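Hello,

Here is the structure I promised to pass on to you.

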Amino acid sequence: KVFNKPELNNKMVAKAVLSTRKRLAELDNASDREVREGDLIMMSYMGVDKATGEPLIELGGQRPKQFDTDDDSIVPGFMENIIGSKCEEIREFDVEFPDNFSPARYRGTTATFKAMVHQIFEPKMPPEDDNLAKEILESAATLEEAKAFLLEAVEKEAQVKDDELIEEAIIQRIGEISECEVPEILIQENAQQMYGAQLMEFQQSGQIAPSVLNSMMTPQMVSKFIRDNGPEIEERVRTVLAFDKIREENALDITAEKVEEQLKEMIENFKTMGMDYD
């Protein structure tokens with residue numbers, strides 16, 4: 001288990017309670033001092049792959065946005081480099097993405113970030129008592145009741161994430177062991193799908209304008225995408241071909257129940273091969 005651990009779940013509950021208190025807090029402008037843990041800040045930043053210099057478009061933006069210094073959601077280790085900085089000071093630092101980071105293509109990558117804090121706010125939070133309960137859960141009479149609700153929700157979400165990691169590991173393993181030849185046409189088709197989906201994500205998040213979308217969907221850009229992401233694309237094609245072969249050999253119908261049964265069987269088989277899914 002990676003996510004569904006008692007100590008991690010309890011930290012998530014504490015984080016949710018703290019986030020609620022900050023949401024209700026009065027903010028004092030503290031831009032005349034350095035950033036401290038617990039501050040809310042307006043910050044802009046950008047990141048590049050340290051090895052290639054390629055921009056990490058999904059992970060940065062030059063427009064200032066509000067961030068909580070207690071929330072390391074950009075990438076673990078990012079915020080510790082911001083503590084102590086002053087307004088308009090440029091901080092440059094390296095961070096390595098953990099093995100469970102999403103999107104998966106960044107796992108193990110070292111990124112170089114540049115960040116600038118524009119404003120600093122110190123939250124004056126309400127106390128952590130029963131008056132906070134209804135802000136978390138309207139039907140809760142006490143804070144402990146609200147925390148119990150949060151814990152249950154966190155445990156369910158953590159279990160889903162663990163299940164997804166298991167399935168991802170299985171799919172990756174199938175891709176690795178598949179001996180299917182990969183036709184070039186399938187590489188092209190899958191690359192176009194993956195590149196198109198990436199552009200749509202950028203458009204929906206406001207990182208590129210709709211008018212720019214078509215101009216980026218060119219054969220040259222797709223070819224560059226294949227060069228930059230060749231192993232990932234080939235593994236995806238091999239995975240699809242392997243699953244098709246498994247379905248054909250076992251005469252499987254595509255239903256959620258049968259897929260789940262197949263996944264469970266694969267887990268047991270891979271455990272006997274020395275792969276740990278605890």
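Predicted model: local features only at pLDDT ≥ 70, side-chain atom pairs only at ≥ 80, totals over all residues.

The largest nonpolar core has 23 residues. If you want to find its centre of contacts, look for Ile 41, Met 43, Phe 78, Ile 82, Phe 97 and Phe 113, which have the most contacts inside this core. Strands S2 (40-49), S4 (90-96) and S5 (110-124) each supply at least two of the core's residues, and S5 gives the most, with 5 residues. Another core, of 13 residues, lies apart from this one; Ile 187, Ala 191, Phe 202 and Leu 213 are among its members.

Asp 39 sits in the loop between strand S1 (26-29) and S2. Asp 39 counts as buried because its relative accessible area is 3%, under the 20% cut-off. Its side chain makes a polar contact with the side chain of Arg 33, at 2.8 Å. Leaving aside neighbours within four places in sequence, the contacts of Asp 39 include Lys 22, Phe 67, Thr 69, Ile 120 and Pro 123.

Asn 9 belongs to helix H1 (residues 6-23) and is also buried, at 4% relative accessibility. The C-alpha atoms of Asn 9 and Glu 155 are separated by 6.5 Å, although the two are 146 residues apart along the chain.

Best wishes

Methods:
Residues numbered from 1 in each chain as written. Heavy atoms only, no water. Helix = DSSP H or I, 4+ residues; strand = E, 2+ residues; numbered from the N terminus. Buried < 20%, exposed > 50% of the residue type's maximum accessible area, 1.4 Å probe, protein only. Core = buried A, V, L, I, M, F, W, Y, C linked by side-chain atoms within 4.5 Å. Polar contact = N/O pair within 3.5 Å; in protein donor to acceptor, adjacent residues only side chain to side chain. Contact = heavy atoms within 4.5 Å.
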